[in-house]
Amino acid sequence: MTRLIFLGPPGAGKGTQAKILANSCGIPHISTGDILRQARAQKTDLGLKADAYMERGELVPDHLILEMIHERLSQADAANGWILDGFPRNVAQASFLDELLNKANQHYDQVINLEVPDEILVNRLLERSTKEGRSDDTIDVIRRRLEVYHEQTSPLIDFYKNRNQLVSINGDQSMEEVTAALKAAI
Ligand code: AMP
């Protein structure tokens, strides 16, 4: 049973690495960003509510995210483990996850922190926006997403470090090198 949380700034490679690892462990990769993008594309109630926040690079309000993650973690495939990518994004979300897992008598194994310097992230995100046509990846929105990360999400590094559950990995290496470092760490 593997339960992992992936932390790190936008563009650090969380999605790519989480997918690789989830495949090799045979557990679901749960990306709140992917779920929200799908909801947006399908114009569901959640998608319509999340739209304006995502457009600006802001976090979608907690109550929407918490309901969404609660539902996703209750699905059958999540009973055998998971990798969370993009959640939690702030301390309130991390506390909610603690409560949820406590109630289910579950716990996570490790929190992986992928470290990449800001100037590299901006270039990676700009490249990705050209390749994938992601409308949330214009330069202004990229800057805002990084600010939001530093203000709201990076405090989680100390939150988990204080519990001795944080493993930091240098994300400024080739994809294969990061995968190898991750597999060695978990
Ligand atoms: P991501 O693909 O993880 O970078 O997420 C893309 C966008 O979805 C973010 O910029 C946020 O607007 C929104 N989002 C994803 N996950 C969360 C979360 N846990 N809490 C709030 N907003 C989120």
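**Entry 1: burial and overall form**

I began with burial across the protein chain. Buried residues account for 47% of its 186 residues. I note here that the model is predicted.

Next I looked up the accessible surface. The protein chain exposes about 9,400 Å². Carbon and sulfur atoms hold 49% of that area.

I then listed the secondary structure. The protein chain has nine helices and five strands. Read from the N terminus, the order is β-α-β-α-α-α-β-α-β-α-α-α-β-α. I checked the radius of gyration and got 16 Å for the protein chain. The globule rule also gives 16 Å for 186 residues, so the chain is as compact as a globular protein of that length. Along the principal axes, the C-alpha atoms fill a box of roughly 40 × 40 × 30 Å.

I also looked at contact range. I took contacts in the protein chain between residues at least 6 apart in sequence. Of these, 74% join residues at least 24 apart.

**Entry 2: the ligand**

I turned to the ligand and its shell. How many residues surround the ligand? I found 15. The closest are Thr32, Arg37, Glu58, Gly86 and Arg145.

I sorted the shell by class. Six residues are nonpolar, four are polar and five are charged. Which helix gives the most to this shell? Helix α2, residues 32–41, does, with four residues.

I went through polar atom pairs next. In the side chain of Arg37, an N or O atom sits 2.9 Å from an oxygen atom of the ligand. For Arg89, a polar side-chain atom is 3.0 Å from a ligand oxygen atom. Val60 takes part through its backbone: a polar atom there lies 3.0 Å from a nitrogen atom of the ligand. I then looked up the ligand's own area. Alone, the ligand exposes 480 Å², and the protein buries 95% of that.

**Entry 3: Ser31**

I picked Ser31 next. Ser31 is placed in strand β2, which spans residues 29–31. Its relative accessible area is 6%. The cut-off for buried is under 20%, so Ser31 counts as buried.

I listed its contacts, leaving aside neighbours within four places in sequence. Ser31 touches Arg37 and Asp85. Arg37 is also among the residues closest to the ligand.

**Entry 4: Ala50**

Where does Ala50 lie? I found Ala50 in helix α3, residues 45–56. Ala50 is buried, at a relative accessible area of 0%.

Leaving aside neighbours within four places in sequence, I found Ala50 in contact with Leu36 and Val60. Val60 is the residue whose backbone has a polar atom 3.0 Å from a ligand nitrogen. I also took a C-alpha distance. Ala50 and Ala39 are 8.6 Å apart in space and eleven residues apart in sequence.

**Entry 5: Met68**

I looked up Met68 in helix α4, residues 62–73. Is Met68 buried or exposed? Its relative accessible area is 9%, so Met68 is buried.

Outside the four places on either side in sequence, Met68 is in contact with Thr32, Ile35, Leu36 and Leu46. Leu36 also contacts Ala50. I checked the spacing to Thr32. The two C-alpha atoms are 8.3 Å apart, while the residues are 36 apart along the chain. Thr32 is also one of the closest residues to the ligand.

Most residues other than glycine have a negative phi, and most peptide bonds are trans.

Which residues does a cis peptide bond join? I found Phe87 and Pro88, with omega at about -5 degrees. Pro88 is in the loop between β3 (81–85) and α5 (91–103).

Two asparagines came up for phi. Asn105 has a positive phi, near 60 degrees. Asn105 sits in the loop between α5 and β4 (110–115). Its relative accessibility is 73%, so Asn105 counts as exposed.

Asn164 also shows a positive phi near 60 degrees. I placed Asn164 in the loop between α8 (155–161) and β5 (166–170). Asn164 counts as exposed, because its relative accessibility is 72% and the cut-off is over 50%.

Conventions
Residues numbered from 1 in each chain as written. Predicted model: local features only at pLDDT ≥ 70, side-chain atom pairs only at ≥ 80, totals over all residues. Heavy atoms only, no water. Near = heavy atom within 4 Å. Polar contact = N/O pair within 3.5 Å; in protein donor to acceptor, adjacent residues only side chain to side chain. Areas by Shrake-Rupley, 256 points an atom, 1.4 Å probe, with all protein chains shown as cover. Nonpolar A, V, L, I, M, F, W, Y, C, P; charged D, E, K, R; others polar. Buried < 20%, exposed > 50% of the residue type's maximum accessible area, 1.4 Å probe, protein only. Contact = heavy atoms within 4.5 Å. Rg over C-alpha atoms; globule rule 2.2 N^0.38 Å.
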